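Work through the exercises below with the sequence and the 3D view open. Try each task before you read its solution.

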Amino acid sequence: MAEYKGIKGFKVQYLDQDPVPAVAGWSAGGNLNTARTELAGLGIQTAAIATGGEIGPGPVTAATEEYNGSTWANSNNLNTARRQLAGAGIQTAGVVFGGNPSSPPFYVAATEEYDGSTWTTSPGSLNTARNILAGAGTQTAALAFGGNTGSPSSATEEYNGTSWTNSNPLNTARSGLGGAGIQTAALGFGGYSTAATNATEEYDGNSWVSGNSLNTTRELLAGAGIQTAALAFGGLDAVPAATGATEAYDGSTWTTLPTSLTTARYRLGGAGTQTTALGFGGSNPITDATEEYNDYGEPNVFQNVGQVWYNGTTKALKFTDSTLVGSWATGNNMNTARDGLGGAGTQTAALGFGGLIPGPANTGATEEYDGSTWTTSPGSLNTARRQLGGAGTQTAALGFGGFITAETGVTEEYDGNSWVNSNPLNTVRRLLAGAGTQTAGLAFGGRNPANTGATEEYDGSTWTTSPGSLNTARRALSGCGIQTAALAFGGYSTANTGATEEYNGTSWATSPGSLNTARQELAGAGTQTAGLAFGGDIPPRTAATEEYDGTSWTSNPTGLNTARNVLAGAGTQAAALAFGGLDPVGTQTAATEEWTQAGVTGIKTITVS
């Protein structure tokens, strides 16, 4: 039998019992300034919003607070004080809708937008006034679903930043449900129908499909995350009694986590992601308590390399191979090798389209990735091209710009099956970057034939040129984020650059943190405050991978397995995808790689002899 020291290079550490591990769990955060229940929450764990609610029993509030990851600070009030409202977006670009002002008719349709300081009443009100509803998405691409109109509602509406449009209803009408995700890939779970329910439904931008049920039936719960990585917590269970039960959804199944909210409660607010969530306020009784959820890795293991302990019962040793840095793993190849392609979606539901294939020739071929295998879609781009921009999801993508025999502004929308032409960019260009969704897209930078900083916003139909251009005009850059909170980085200006800029929906601000490796023709993933940059050309072609935290970039010690440029990317900072491009010798590649951020990668057991 091999000795542990021979495997790992140092001796096993013996303990008399399993230690308390640093794993997933809830911990206390800073209390709200105004204790309240039936409030709305939005944003991320370190930049959240709490607004509205009941401070009662009885009185409603318009109070708004901002959380910085430690403490809550008061901000400007809502224009319409109310409880039982829903929200979507981020701290600097939020939206709330619906609710109950505690006076007849008790159901409002009012919609308000937040710019990081002030609430402005939108000209667009919900078509169905209601309260105790759920929300998802962004300020310019929000989703409202379910709620109460005197009885549980199934109404679903989409918001484009100006007005609400009715969509297909939930299969199970309900109020007090939890929500997560984006407008084109949302999740609704729990709630009250004729009784508390555990029903889960997934929305694809058009219709709802039933998914696997929550393990704990409940209503008046909170949610966080995305459709394929959601978190459900708190609520009023079937007894009924307040619960702190926490469950994680992987796009298919809910798993009850071993940790619950410290303060069991219902009618609380939620924000964040599946691995970094925030729960605040609520009833049982009305509270100002805030809790932060952090998932540090696998349960029952240490987070330090080689840390082990004696089990005693089985006379075995458990240890972890903790990854202290992120890493790329090779996935299955695309069906069509190419460079200069567009990308969209997530690591487990990605889309690759267009590009330049050997020959060379432009292609419109479109492929879908399911986390394991690429499948060629029956729908190719109507205009074959390379060096185009991409945004959106696998079933609601946007492809724009590029190069045919000259720069183009052609824009196409993908619905999961076929591409449809839409209105073109105002500035034709190639080697541009994109961010956002199909109904709230962003295009910036590129070449035509000179470098440009032009920025355009897409509303699901038309591109509008923003008054804010990039501070550094450039081509062959990358980007990530949403239309009102985007990130631009790298590219070629008069030389390769590492310049990084943040967009707030109006203008670009230069970040103090530039890429450590200046480069062009790179790919990116993530959000404005949690970005990922990988690949590109220095020269030579590079595998360099860097993470952005909203202020600065940190180089990862290990890069892509295949150094390459003119590749595409998708996903998040925690789980990204790299595909296509030109390999180190300049040949089109179909190589696909999956990125996993730093964390535990496995548990091993060694029998003691």
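pLDDT is the predictor's confidence in each residue, on a scale from 0 to 100. A contact means heavy atoms within 4.5 Å. This is a predicted model, in which local features need pLDDT of at least 70 and side-chain atom pairs count only at pLDDT 80 or more, while totals for chains, interfaces and linings use all residues. Residues are numbered from 1 along each chain as its sequence is written, and side-chain values use heavy atoms, with hydrogens and water left out.

**Exercise 1. Find where pLDDT stays under 50.**

Step 1. Start with the average. The protein has a mean pLDDT of 89, and 89% of the residues score at least 70.
Step 2. Go to residues 1-22. Their pLDDT stays under 50, and the model gives them 39 contacts beyond four places in sequence.
Step 3. Go to residues 600-609. Here too pLDDT stays under 50, with 37 contacts beyond four places in sequence.

**Exercise 2. Describe the surroundings of Glu-594.**

Step 1. Glu-594 belongs to strand β54 (residues 592-596). Strands (E, at least two residues) and helices (H or I, at least four) are DSSP runs, numbered from the N terminus.
Step 2. List neighbours, leaving out residues up to four places away in sequence. Glu-594 touches Ser-327, Trp-328, Ala-329, Gln-347, Tyr-369, Gly-371, Ala-576 and Leu-577.
Step 3. Look at Tyr-369 again. Its side chain and that of Glu-594 are joined by a polar contact of 2.6 Å. Such a contact is a pair of N or O atoms within 3.5 Å; within protein, one must be able to donate a hydrogen and the other to accept it, and residues adjacent in sequence count only if both atoms are side-chain atoms.
Step 4. Compare sequence and space. Gly-571 is 23 residues from Glu-594 in sequence, and their C-alpha atoms are 9.5 Å apart.

**Exercise 3. Trace the open sheet of 4 strands.**

Step 1. Read the order. The strands run β2-β3-β4-β5, with antiparallel pairing. Two strands pair if DSSP finds at least two bridges between them.
Step 2. Find the edges. β2 (40-44) and β5 (72-75) each have a single partner strand, so one side of each lacks a neighbour in the sheet.
Step 3. Neighbouring strands are turned by 20° against each other on average, direction ignored. Axes are lines fitted to C-alpha atoms, for helices over the stretch in contact, and angles run from 0 to 180 degrees between N-to-C directions.
Step 4. Inspect one pair. β4 (residues 64-67) and β5 share 4 bridges in the antiparallel sense. Glu-65 has Asn-74 in β5 as its bridge partner.
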